[in-house]
Amino acid sequence: PTDFRTLYSSGVAEGAILLQITDQDWRVGLATELGFPCVLIGRTAFEHDVSWVDFDFEGAVGAMMDHLVQLGHGRIGFIGRPSASIAAGLGSSLRLQSGYDKAVQRHGLDAHRIASDLDPVAAGQSALHLIDSFPGLSAIVATSGRSAGGIMQALHSRGLRVPDDISLLTIATPSLATMTTPALSGVDFP
């Protein structure tokens, strides 16, 4: 808080763009208290008069889950964000997990989720943990397109082909989605 107050009182900046927003982000309350203009990339869980822009992480995961259920999948794994980001209350991580949890409840499914670092190797290990822990898993929803190559490679190491043997959906930019073979399916991240 001291650094934020110093930034405001120094006159060096006339406003701020705040990133990595947590659900209970103290910076929003302080900026409001100080009258310091800011815009959030992300959003908090509470109402405030600060402008924000965010991706609908919860809706994206919900849409992927709905699509998989419509295709007949009943055992869907979820590779979420790192445990540390969940524990810190990072809004995007919480909303991704919430989207999965709500879809599981809405469709009467069992939850098969794991927190994972975002690098491809860690995500691949998480995918293997899911398929080992939950036999019969027919699909995986991954929250990071950049980790999908590692997931696909790990599944391939077990003789599983995407999408023939197991489906994989993720959130990825269109350019990233076309870099794997087969191309990724999921929700476009702008």
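# Group meeting talk: pockets, a cavity and a helix

Let's start with one residue. Q20 sits in the loop that runs from strand 1 (16–18) to helix 2 (26–34). Keep in mind that this is a predicted model. Is Q20 buried or exposed? Q20 is exposed, because its relative accessibility is 58% and the cut-off for exposed is over 50%. Now look at its backbone. The phi of Q20 is positive, near 55°, and Q20 is not a glycine.

Q20 leads us to the largest pocket. That pocket has a volume of about 540 Å³. Its lining has 27 residues, and Q20 is among those closest to the centre, along with F57, R81, S92 and F189. Which elements give two or more residues to this lining? They are helix 5 and strand 7. Helix 5 gives the most, with 4 residues. Sorted by class, the lining of the largest pocket has 13 nonpolar, 10 polar and 4 charged residues.

Next, helix 5 itself. Helix 5 covers residues 91–107, which makes 17 residues. From first C-alpha to last, helix 5 reaches 24 Å. That is close to the 24 Å expected at 1.5 Å a residue.

Which residues of helix 5 are buried? Here is the list: G91, S92, S93, R95, L96, S98, G99, Y100, A103 and V104. An α-helix has 3.6 residues a turn, so residues three or four places apart point the same way. Find L96, Y100, A103 and V104 on the model; they are among the buried residues of helix 5.

So what covers these buried residues? The cover includes helix 3 (57–70), strand 4 (76–80) and helix 4 (83–87). It also includes strand 5 (112–115) and strand 7 (167–172).

Follow the chain out of helix 5. Just after helix 5 comes G108, with a positive phi of about 65°. Then find D110, in the loop between helix 5 and strand 5. D110 counts as exposed because its relative accessible area is 52%, and exposed means over 50%. What does D110 touch, leaving aside its neighbours within four places in sequence? It is in contact with Y100 and V104. Both Y100 and V104 are on the buried list of helix 5. One distance for D110: I166 is 56 residues away in sequence and 17 Å away in space, C-alpha to C-alpha.

Now the second largest pocket. It holds about 150 Å³ of space. Among its 13 lining residues, V162, P163, L168, L169 and S185 are closest to the centre. Helix 3 and strand 7 each supply at least two lining residues. Strand 7 gives the most, with 3 residues. How many charged residues are in this lining? There are no charged residues; the lining has 10 nonpolar and 3 polar ones.

Stay with V162 and P163 for a moment. The peptide bond between V162 and P163 is cis, with omega near 5°. P163 is in the loop between helix 7 and strand 7. There is also a cis bond from T181 to P182, with omega about 0°. P182 lies in the loop between helix 8 (174–177) and strand 8 (185–188).

Last stop: the cavity. How many cavities of 30 Å³ or more does the structure hold? It holds 1. The largest cavity has a volume of about 40 Å³. Its lining is made of I79, G80, S116, D117, L118, A123, A142, T143, S144 and S147. By class, that is 4 nonpolar, 5 polar and 1 charged.

T143 is in the loop between strand 6 (139–142) and helix 7 (148–157). Is T143 buried or exposed? T143 is buried, because its relative accessible area is 3% and buried means under 20%. The T143 side chain reaches the backbone oxygen of I79 at 3.2 Å. I79 also lines the largest cavity.

What else touches T143? Apart from neighbours within four places in sequence, its contacts are F78, I79, G80, R81, L96, T170 and I171. L96 is one of the buried residues of helix 5. R81 is one of the residues closest to the centre of the largest pocket.

That's the tour. Questions, please.

Notes
Residues numbered from 1 in each chain as written. Predicted model: local features only at pLDDT ≥ 70, side-chain atom pairs only at ≥ 80, totals over all residues. Heavy atoms only, no water. Buried < 20%, exposed > 50% of the residue type's maximum accessible area, 1.4 Å probe, protein only. Polar contact = N/O pair within 3.5 Å; in protein donor to acceptor, adjacent residues only side chain to side chain. Contact = heavy atoms within 4.5 Å. 1 Å grid on protein atoms, 1.4 Å probe; cavity = no way out; pocket = protein on both sides within 12 Å on 5 of 7 lines; lining within 4 Å. Points joined across faces, edges and corners; volume = space filled by probe spheres on them. Nonpolar A, V, L, I, M, F, W, Y, C, P; charged D, E, K, R; others polar. Expected span 1.5 Å × (residues − 1).
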